[in-house]
Amino acid sequence: MILLTSVALLHNQLLVAVLLIALGFLGMLLQRNAFSMVFSLLLWLQGAGLICAAYGQSRGVREGSFSFLLIFLFLLPLLSTLSFLILQSQRKRQNPKPVQEEEPATESPYRIFPDQGTDSGG
């Protein structure tokens, strides 16, 4: 009876893990926003971690949890750095660029003499 309960629990955990991986994969394919793609990648990672943890729990060892912890500790700084860079690029797009001063108008090439102008009387 205990064996059937643990097998049912493993199947439920694997079903949730596969759903998380599928949602993360669809999010990566369908999203156009880079920030949403990072969150889809995190969903994908959580599904993979759940598979490792469920396997370790079903075997009665901690190898699955330890491998997920190593994967998570390796990818977490990378994903946080990617999120930071995406936020910085979005802030740069939202802030308007400073207006540059216009160059002074150059003299017209049609003016032959410098004293020719409005007060020349002609």
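Me: In what order do the elements of the protein run from the N terminus on?
Reply: The order is α-α-α. This is a predicted model.

Me: How many helices and how many strands does the protein have?
Reply: There are three helices and zero strands.

Me: What share of the residues is buried?
Reply: Of the 122 residues in the protein, 13% are buried.

Me: And the accessible surface, what does that come to?
Reply: About 10400 Å², with carbon and sulfur atoms accounting for 66% of that surface.

Me: What about contacts, how many join residues at least 24 apart?
Reply: The share is 58%, counted among contacts between residues at least 6 apart in sequence.

Me: Switching to α2. How many residues has it, and how far does it reach?
Reply: Helix α2 has 26 residues and spans 38 Å between its first and last C-alpha. That is close to the 38 Å expected at 1.5 Å a residue.

Me: Which residues in α2 are buried?
Reply: V38, S40, L45, G47, G49, A54 and G56.

Me: What comes just after α2?
Reply: G60 is found there, with a positive phi of about 80 degrees.

Me: Back to S40. Why does S40 count as buried?
Reply: Its relative accessible area is 8%, and the cut-off for buried is under 20%, so S40 falls in that class.

Me: What is S40 in contact with, leaving aside neighbours within four places in sequence?
Reply: S40 touches G24, G27, M28 and Q31.

Me: How far is S40 from L26, C-alpha to C-alpha?
Reply: The two C-alpha atoms are 8.0 Å apart. Along the chain, L26 and S40 are separated by 14 residues.

Me: Where do L26 and L30 sit?
Reply: L26 is in helix α1. L30 is in helix α1 too, which covers residues 2-30.

Me: Buried or exposed, what is L30?
Reply: L30 counts as exposed because its relative accessibility is 65%.

Me: What about L26?
Reply: L26 has a relative accessible area of 44%, so it is classed as partly exposed.

Me: Which residues make the nonpolar surface patch?
Reply: F25, L26, L29 and L30 make a patch of about 430 Å².

Me: Why would residues three or four places apart in a helix point the same way?
Reply: Because an α-helix has 3.6 residues a turn.

Me: New topic: how many aromatic pairs are there?
Reply: The count is one aromatic pair. F25 and W44 form an edge-to-face pair, because their ring planes stand at 75 degrees, with ring centres 5.6 Å apart. The angle cut-off for edge-to-face is over 60 degrees.

Me: Which parts of the chain does the pair link?
Reply: Distant parts: F25 belongs to helix α1 and W44 to helix α2, which covers residues 34-59. The two residues are 19 apart.

Me: How exposed is F25?
Reply: F25 is partly exposed, given a relative accessibility of 40%. F25 is also one of the residues in the nonpolar patch.

Me: And W44?
Reply: W44 is partly exposed as well, at a relative accessible area of 29%.

Key: Residues are numbered from 1 along each chain as its sequence is written. This is a predicted model: local features need pLDDT of at least 70, side-chain atom pairs count only at pLDDT 80 or more; totals for chains, interfaces and linings use all residues. Side-chain values use heavy atoms; hydrogens and water are left out. Helices (H or I, at least four residues) and strands (E, at least two) are DSSP runs, numbered from the N terminus. Buried means under 20% relative accessible area, exposed over 50%, partly exposed in between (1.4 Å probe, protein chains only). Contact means heavy atoms within 4.5 Å. Accessible areas come from the Shrake-Rupley method with a 1.4 Å probe; for residues, only the protein chains shown count as cover. Rings of Phe, Tyr and Trp (its six-membered ring) pair if their centres lie within 6.5 Å; planes under 30 degrees apart count as stacked, over 60 as edge-to-face and the rest as tilted. Patches are made of residues with over 30% relative accessible area and no salt bridge: like charges are joined within 9 Å, nonpolar side chains (Val, Leu, Ile, Met, Phe, Trp, Tyr) within 5 Å. A salt bridge is a side-chain nitrogen of Lys or Arg within 4 Å of a carboxyl oxygen of Asp or Glu. The expected span of a helix is 1.5 Å times one less than its number of residues.
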